[in-house]
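Me: I have a structure open and want to talk through the fold. Can you take a look with me?

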Amino acid sequence: MKVLTVCGLGQGTSLILKMNVEQALNDKGIQADVEHTDVSAASSMQADYIITSNELAESLVAHDAKVVIVNNYFDMDEINQAIDGHMET
């Protein structure tokens, strides 16, 4: 499974989200390749899931990946709920 974590510039915030998503997936025993990127690059990258904020999700509606919304990239409870509710394992 390929997962993209996306923020506006693809630097700090998406990296933090990447680390938190990797931790949540590892805790659940889910194998995934998680990569962080900016919203522009994400639109042309292959992925099964894109995890991003509500604002940036609007820019990714044409993507084939399932877009999962996480508004607080530091909130592990929200990240876990998003994974449980939207990602098929």
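Me: What pattern does the protein chain follow, read along the sequence?
Reply: The pattern is β-α-β-α-β-α-β-α. Bear in mind that this is a predicted model.

Me: How many helices and strands is that?
Reply: The secondary structure comes to four helices and four strands.

Me: What does the radius of gyration say about the protein chain?
Reply: The radius of gyration is 11 Å, close to the 12 Å that the globule rule gives for 89 residues, so the protein chain is as compact as a globular protein of that length. Its C-alpha atoms fill a box of roughly 30 × 25 × 20 Å along the principal axes.

Me: And what share of the residues is buried?
Reply: Of the 89 residues, 42% count as buried. The protein chain exposes about 4800 Å², with carbon and sulfur atoms supplying 44% of that area.

Me: Switching to strands. In which sense do β1 and β2 pair?
Reply: Strand β1 (residues 2-7) and strand β2 (residues 33-38) pair in the parallel sense, over six bridges. As an example, Thr-5 has His-36 in β2 as its bridge partner.

Me: Now Thr-52. Buried or exposed?
Reply: Thr-52, found in strand β3 (residues 49-52), is buried because its relative accessible area is 0%, and the cut-off for buried is under 20%.

Me: What does Thr-52 touch?
Reply: Leaving out residues up to four places away in sequence, Thr-52 touches Val-6, Ala-57, Leu-60, Val-67, Val-68, Ile-69, Val-70 and Tyr-73.

Definitions and conventions. Residues are numbered from 1 along each chain as its sequence is written. This is a predicted model: local features need pLDDT of at least 70, side-chain atom pairs count only at pLDDT 80 or more; totals for chains, interfaces and linings use all residues. Side-chain values use heavy atoms; hydrogens and water are left out. Two strands pair if DSSP finds at least two bridges between them. Helices (H or I, at least four residues) and strands (E, at least two) are DSSP runs, numbered from the N terminus. Buried means under 20% relative accessible area, exposed over 50%, partly exposed in between (1.4 Å probe, protein chains only). Contact means heavy atoms within 4.5 Å. The radius of gyration is taken over C-alpha atoms; the globule rule is 2.2 Å times the number of residues to the power 0.38. Accessible areas come from the Shrake-Rupley method with a 1.4 Å probe; for residues, only the protein chains shown count as cover.
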